[in-house]
Amino acid sequence: MLRILKARINQRYRTMRYPAGPAPELPARFAGKPVLSGSTCGEGCSRCIQACPAGAISVLPPGSVSIDMGSCIFCGDCAGVCSEHIISFSREYRLAALSRDELIVRSGQGTGPSEVFSREHARLFKRSLKLRQVSAGGCGACEADTNVLGTIGWDLGRFGIQFVASPRHADGILVTGPVTANMKEALLKTYDAVPSPKIVIATGSCAISGGLFNGMPETAGGVNSLLPVDLFIPGCPPHPLTILDGLLRFLGRN
């Protein structure tokens, strides 16, 4: 027992100071919010559209480009084939938004985050937010990055935000995955079991739009087609910092 206590003392304080201090360092390969330089695409070659595996890019006459972060898997293939270098990916991790339309990045738009503060939800859940996580057919990546928030380095519980085992004890659900046909009923029943007032958080491109599985008959094409979504957190998967920032800004804590 004494050896355990000594080891714990030597470990010192491991939880990061964010958001009171600087954000943790992001990996070198991190791709954040897309940036579209210039007002139009002069070539109109559509190579970016052909390269995008998720169908997240649109080019409308006279060459106005837009990227849907709700569908984007942040692979960067579009930036690699753009001969005019219009498309790039920033280091901006603050990607969450209150509405689906706010996830659309358009030509000439800045890299700043969307406004996600919800006064009503902050009044209800700012001090304590309990969430039931529902993996609605996900690959496990979004689930893994969400689970990271429970480790000692992130310590989500210090903000009063916790994941609970039963929807009866939850204030809302955090959904990952494209909502497969086999998970549709389970998701709806879980939502119904959460007492009102309640919130729905769609996390990851699959949960927001269906991602790579959008349009397939085996999936519902995202949570928004079935339930009212209060917060969208894009990414494939979203970095733990993106998830934490979205939750904190949603509650007016950051």
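Colleague: What makes strand 2 and strand 3 a hairpin, and which residue in the turn has a positive phi?

Modeller: In this predicted model, strand 2 and strand 3 form a hairpin with three residues between them, and Gly63 in the turn has a positive phi of about 100°. Strands here are DSSP runs of E with at least two residues, numbered from the N terminus, and residues are numbered from 1 along each chain as its sequence is written. Local features need pLDDT of at least 70.

Colleague: How do you know that strand 2 and strand 3 pair?

Modeller: Two strands pair if DSSP finds at least two bridges between them; strand 2 (residues 57-60) and strand 3 have four bridges, in the antiparallel sense, so they count as paired. Leu60, for example, has Ser64 in strand 3 as its bridge partner.

Colleague: What joins strand 3 to strand 5?

Modeller: Three bridges join strand 3 to strand 5 (residues 104-106), and the two run antiparallel; the bridge partner of Asp68 is Ile104 in strand 5.

Colleague: Why are strand 2 and strand 5 called edge strands?

Modeller: The open sheet has three strands in the order 2-3-5, with antiparallel pairing, and strand 2 and strand 5 are its edge strands, as each pairs on one side only.

Colleague: What makes strand 3 mostly covered?

Modeller: Buried means under 20% relative accessible area, with exposed over 50% and partly exposed in between (1.4 Å probe, protein chains only); in strand 3 (residues 64-68), four of its five residues are buried.

Notes. Predicted model: local features only at pLDDT ≥ 70, side-chain atom pairs only at ≥ 80, totals over all residues. Heavy atoms only, no water.
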